[in-house]
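Hi everyone, thanks for coming. I'd like to walk you through one structure today, so please have a look at the sequence and the model first.

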Amino acid sequence: MKKFFKLVAVLTALAATGFGLAACSDDDDDENSRDLRVSVSSANVVATYEGSITSGGVNQVHTFYFYSDKNFKYDSFGESSGVTLYLTQYSGTYTGDATTDGNIVASVTKQYTPNADYTEMTASTSSKTLPITITNGKFSLGVVTFTRK
């Protein structure tokens, strides 16, 4: 459990730098895994961007999904000493073309926050905007550089 709380602390630190922690309920019985991702669109994914960092000994993977209906979702994954945590951090809409280099504006409409024991997520409204400039198939947000998959 100590490693689990270390993982949670590192992901929470990212929340303070502009990444909101988030998710939804998990029906997985594995006590070392928490899957708190949410579904935001049934449309096709038109572009996926992924970035990874290591912070505090925790390997993290961050993924943006851009959908054909102009919705997006931002998920995070972290793993340390056998403890795994999946989170949806933001969802919302975007303008621009996520499939090519250029400018996108991601308008966050929901920010997700887990409960204390990381078994449920609460969605709150948000009006945050994330200006994104894609150059050579990459963009940076905070400390994470995302690459088109």
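Let's start with one side chain: Lys-73 reaches the backbone oxygen of Val-38 at 2.9 Å. That's a polar contact, meaning a pair of N or O atoms within 3.5 Å; within protein, one must be able to donate a hydrogen and the other to accept it, and residues adjacent in sequence count only if both atoms are side-chain atoms.

Quick housekeeping: this is a predicted model, where local features need pLDDT of at least 70 and side-chain atom pairs count only at pLDDT 80 or more, while totals for chains, interfaces and linings use all residues. Residues are numbered from 1 along each chain as its sequence is written, and side-chain values use heavy atoms, with hydrogens and water left out.

Back to Lys-73, which sits in strand β4. Strands here are DSSP runs (E, at least two residues), numbered from the N terminus. Is Lys-73 buried or exposed? Its relative accessibility is 9%, so Lys-73 counts as buried. The cut-offs are under 20% relative accessible area for buried, over 50% for exposed, and partly exposed in between, with a 1.4 Å probe and protein chains only. Leaving aside residues up to four places away in sequence, Lys-73 touches several others, among them Val-40, Phe-64, Tyr-67 and Tyr-90. A contact means heavy atoms within 4.5 Å.

Now the rings. How many aromatic pairs does the structure hold? There are 13 of them. Rings of Phe, Tyr and Trp (its six-membered ring) pair if their centres lie within 6.5 Å; planes under 30 degrees apart are stacked, over 60 edge-to-face, and the rest tilted. Take Tyr-74 and Tyr-90: they make a tilted pair, 6.1 Å centre to centre with 35° between the planes. This one links distant parts of the chain, with Tyr-74 in β4 (residues 71-80) and Tyr-90 in β5 (residues 83-95), 16 residues apart. Tyr-74 has 0% relative accessibility, so it counts as buried, and Tyr-90 is buried as well, at 0%.

Phe-77 and Tyr-86 are also tilted, at 4.9 Å between centres and 40° between planes. Here Phe-77 is partly exposed at 21%, and Tyr-86 is partly exposed at 24%.

On to the backbone. Most residues other than glycine have a negative phi. Lys-70, though not a glycine, has a positive phi of about 75°. Lys-70 is in the loop between β3 (58-67) and β4, and is partly exposed at 34%. Asn-136 has a positive phi too, near 55°. You'll find Asn-136 in the loop between β8 (129-134) and β9 (138-141), exposed at 66%.

As for β8 itself, Leu-130, Ile-132 and Ile-134 form its covered face, and Thr-129, Pro-131 and Thr-133 the uncovered one.

Last, confidence. The chain's mean pLDDT is 81, and 78% of its residues reach 70 or more; pLDDT is the predictor's confidence in each residue, from 0 to 100. Over residues 3-10 it stays under 50, and over residues 12-29 the pLDDT is below 50.

Key: Helix = DSSP H or I, 4+ residues; strand = E, 2+ residues; numbered from the N terminus.
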